[in-house]
Amino acid sequence: MATNRWRLDGQTALITGASAGIGLAIVRELLAFGADVLLVARDPAALETACDELADEFPDRDILSLAANVADDEDRRAILDWVEDHSEAINILINNAGGNVTKAAVDYTEDEWRGIFETNLFSAFELSRYAHPLLTRHAVSSIVNVGSVSGMVAVRSGAPYGMAKAAMHQLTRNLAAEWAEDGVRVNAVAPWYIRTRRTSGPLSDPDYYEEVIDRTPMRRIGEPEEVAAAVGFLCLPAASYITGECIAVDGGFLRYGF
């Protein structure tokens, strides 16, 4: 009984932004716990490469993928149609897809800031709503949203990204309260700097890197697997009484006061 609390055997997870970085690490984490996975990402070639690697690593798991842009509502609806075609229901939804353009607030075009909201926030809201009927076919299921410390404090991400992530954290709390009676737990994680392709640019500047490290008590950059571990835990039966939470995966960044 205790062992089953730390496994996801027989469960199916839908993960967005799944072809690289944090998303791919989350896929691996869930596969290792025994889940089958449905991967969504924009880049078909990257998605195919990721699936080939995963199939070699986890030959006994079902691994399916769909190239789609979660910022587009037609694609979002197509994702859920695809899920229904390949699975009776899903147990887990991971809203990980994201993107950013960093500028001064006065320099954003309307298309740019609206695009940031579509990718980071509206996609999570809509996919959660569309997935709700599938999630509630099970007695218990879960959603995990990948937020950011940018949604909690001002960092150099640009205002729209921070706004979108703050709203995602509040979405997490609202859905957790509203959908608890449906058996759907909703939680979030909030990473600080994690070593991915997206962060390699700013972190390649030695002075900027030192600033980041100086504000991080653990004095290192996080790894995608460390975010994935927190996401994986929140999906487990062992976390069955946790909902509405946002776990910072930040090396102590948010707790550093001096």
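Reply: Helices here are DSSP runs of H or I with at least four residues, numbered from the N terminus. Keep in mind that this is a predicted model.

Me: Fine. Where is S123 found?

Reply: S123 sits in helix 4, which covers residues 110-135.

Me: Buried or exposed, that S123?

Reply: S123 has a relative accessible area of 4%. The cut-off for buried is under 20%, so S123 is buried.

Me: What lies 2.7 Å from a polar atom of the S123 side chain?

Reply: That is the backbone oxygen of T119.

Me: And leaving aside neighbours within four places in sequence, which residues is S123 in contact with?

Reply: S123 then touches V70, R76, N95 and E118.

Me: Changing topic, helix packing. At roughly what angle do helix 1 and helix 2 cross?

Reply: Helix 1 (residues 21-32) and helix 2 (residues 44-57) cross at roughly 25°, and their axes come within 12 Å. Angles under 35 degrees count as roughly parallel, so helix 1 and helix 2 are roughly parallel to each other.

Me: Left-handed or right-handed crossing for helix 1 and helix 2?

Reply: Helix 1 and helix 2 have a right-handed crossing.

Me: Which residues of helix 1 meet helix 2?

Reply: On helix 1 they are L24, V27, R28 and L31, and on helix 2 they meet A50, E53, L54 and E57. The residues of this contact between helix 1 and helix 2 are five nonpolar and three charged, with no polar ones.

Me: How far apart are the axes of helix 1 and helix 8?

Reply: The axes of helix 1 and helix 8 (residues 224-235) are 8 Å apart, and the two helices pack at an angle of about 50°. That angle makes helix 1 oblique to helix 8. The crossing of helix 1 and helix 8 is right-handed.

Me: Which residues make that contact between helix 1 and helix 8?

Reply: Helix 1 contributes G21, I22, A25, I26, E29 and L30. From helix 8 come P224, E225, V227, A228, A229, V231, G232 and C235. By class, the contact of helix 1 with helix 8 has ten nonpolar, two polar and two charged residues.

Me: Now the loops. Where does N91 lie?

Reply: N91 is in the loop between helix 3 (73-86) and strand 4 (92-95). Its relative accessibility is 7%, so N91 counts as buried.

Me: Which side chain does the N91 side chain make a polar contact with?

Reply: The partner is the side chain of H138, at 3.4 Å.

Me: What else is N91 in contact with, leaving aside neighbours within four places in sequence?

Reply: The list for N91 is G10, Q11, T12, L135, H138, S141 and S142.

Me: What about R219, what is its phi?

Reply: R219 has a positive phi of about 55° although it is not a glycine. R219 is in the loop between helix 7 (206-214) and helix 8. With a relative accessible area of 49%, R219 is partly exposed.

Me: Last one. Where is the place of G201?

Reply: G201 belongs to helix 6 (residues 197-203). At 41% relative accessibility, G201 counts as partly exposed. The C-alpha atoms of G201 and A55 are separated by 30 Å, and these residues are 146 residues apart along the chain.

Conventions. Residues are numbered from 1 along each chain as its sequence is written. This is a predicted model: local features need pLDDT of at least 70, side-chain atom pairs count only at pLDDT 80 or more; totals for chains, interfaces and linings use all residues. Side-chain values use heavy atoms; hydrogens and water are left out. Buried means under 20% relative accessible area, exposed over 50%, partly exposed in between (1.4 Å probe, protein chains only). A polar contact is a pair of N or O atoms within 3.5 Å; within protein, one must be able to donate a hydrogen and the other to accept it, and residues adjacent in sequence count only if both atoms are side-chain atoms. Contact means heavy atoms within 4.5 Å. Axes are lines fitted to C-alpha atoms, for helices over the stretch in contact, and angles run from 0 to 180 degrees between N-to-C directions. Angles under 35 degrees count as roughly parallel, over 145 as roughly antiparallel, 65 to 115 as roughly perpendicular and the rest as oblique. A crossing is left-handed if the near helix is turned anticlockwise from the far one by less than a right angle, and right-handed if clockwise. Ala, Val, Leu, Ile, Met, Phe, Trp, Tyr, Cys and Pro count as nonpolar, Asp, Glu, Lys and Arg as charged, and the others, Gly among them, as polar.
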